[in-house]
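Dear colleague,

Please find below the structure that I am handing over to you. My notes on its pockets and on a few individual residues follow.

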Amino acid sequence: MRVDKRKVALVGCGMVGMSYAYCLLNQTVCDELVLIDVNEKRAMGEAMDLNHGLAFAASNMEIYAGTYGDCRDADLVVICAGVAQKPGETRLDLLKRNAAVFRSIIEPVTRSGFSGIFLVATNPVDVMTRITCELSGFNSGRVLGSGTALDTARLRYLLGEYLHVDPRNVHAYVIGEHGDSEFVPWSQAMVATRPILELCREGAGVSGDVETEGISQDKLRKIEEQVRGAAYQIIDAKQATYYGIGMAMTRITKAVLGDENSVLTVSAMLKGGYGQRDVFAGVPCVINGSGVRRILELPLTEEERERFAASCRTLQESFEGVL
């Protein structure tokens, strides 16, 4: 009998949660998936719908609707529950409404005997991840948020499109708050091993071809603005974002369950890194079976450190007085 099942408990069966669940199924990420929602009937329906696709999947997952008691032996509890972001509403505006929701989730999960890792996707994700850590009493390394993982993917996609390079060969990060104060430390952005700012100074494309349009710093700034405003644009067009974040969360889940030691920009607690302490923010981290193994501190310029500090101040101010 198999006793080493990779088990994920998903709390919140909205569009984000189910995009994540669907991605887990298609990528064969776990062996057991329990769906938990305040609307128990919906969780049952979602489980049925997913199970009906098992005949077409490479996975043989066990999928069912459950309760917080089912979190007891889970490797990962993923929280997507919360009220939705409204058109024109900032992520930080969601804070007070979602803090109340989390109070009703964390206590029964921890009471079940859960001793795994929390992964938070609910916005504002950095503050909600800190709230999860505070309410659970867990070691901060075992509590992480989706952070700027999706923002980083958006950045690499746009840079790859602009530079005519596979996004997987673009190495650049979005750090800080998953929100309006996030930014790109361009000093650390590279195509393969070539710094992007160096290519800007050369005024030539990646290939060096004279017909290739030069790389412009002004264009890079516009790409950064596109990344920062992407969620607002999608929400305006279709009322919510869910596919991209579902895939980002799946990638984080694979890093945890596979004990990969992969570098991903998740929301993690800073303990002196970047000159910041006791704040959760999106930074490159080594992720494995224990959660956040370590934070990789990038050698930022002075201006970039100031921008990161300002982003962390925004997050500190948002957290004050919540609990």
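Helices (H or I, at least four residues) and strands (E, at least two) are taken here as DSSP runs, numbered from the N terminus. This is a predicted model, in which local features need pLDDT of at least 70 and side-chain atom pairs count only at pLDDT 80 or more, whereas totals for chains, interfaces and linings use all residues. Residues are numbered from 1 along each chain as its sequence is written, and side-chain values use heavy atoms, with hydrogens and water left out.

Backbone features

Asp259 lies in the loop between α8 (243–257) and β10 (262–271). Although Asp259 is not a glycine, its phi is positive, about 50°. His164, in the loop between α5 and β7 (170–171), is not a glycine either and has a positive phi of about 60°. His164 counts as exposed because its relative accessibility is 70%. The peptide bond from Asn123 to Pro124 is cis, with omega near -5°; Pro124 is placed in the loop between β5 (117–120) and α4 (125–136).

Arg156

Arg156 belongs to helix α5 (residues 149–163) and, at 22% relative accessibility, counts as partly exposed. Leaving aside residues up to four places away in sequence, Arg156 touches Pro167, Val170, His171, Ala172 and Tyr173 (contact means heavy atoms within 4.5 Å). A polar atom of the Arg156 side chain lies 2.9 Å from the backbone oxygen of Ala172.

Pockets

A pocket is an open set of points on a 1 Å grid over the protein atoms alone, where a 1.4 Å probe fits, with protein on both sides within 12 Å along at least five of seven lines; lining residues have an atom within 4 Å of a point. The largest pocket holds about 710 Å³ of space. Its lining has 25 residues, and Ala149, Leu150, Thr152, Ala153 and Arg154 are the closest to its centre. Helix α5 gives the largest share of this lining, eight residues.

About 550 Å³ of space lies in the second largest pocket. Among its 28 lining residues, Val16, Ala84, Gln85, Asn123 and Thr241 lie nearest the centre. The elements that supply two or more residues to this lining are α1 (15–27), α5 and α7, and the largest share, three residues, comes from α1.

With kind regards

Methods. Buried means under 20% relative accessible area, exposed over 50%, partly exposed in between (1.4 Å probe, protein chains only). A polar contact is a pair of N or O atoms within 3.5 Å; within protein, one must be able to donate a hydrogen and the other to accept it, and residues adjacent in sequence count only if both atoms are side-chain atoms. Grid points are joined across faces, edges and corners, and a volume is the space filled by probe spheres set on the points.
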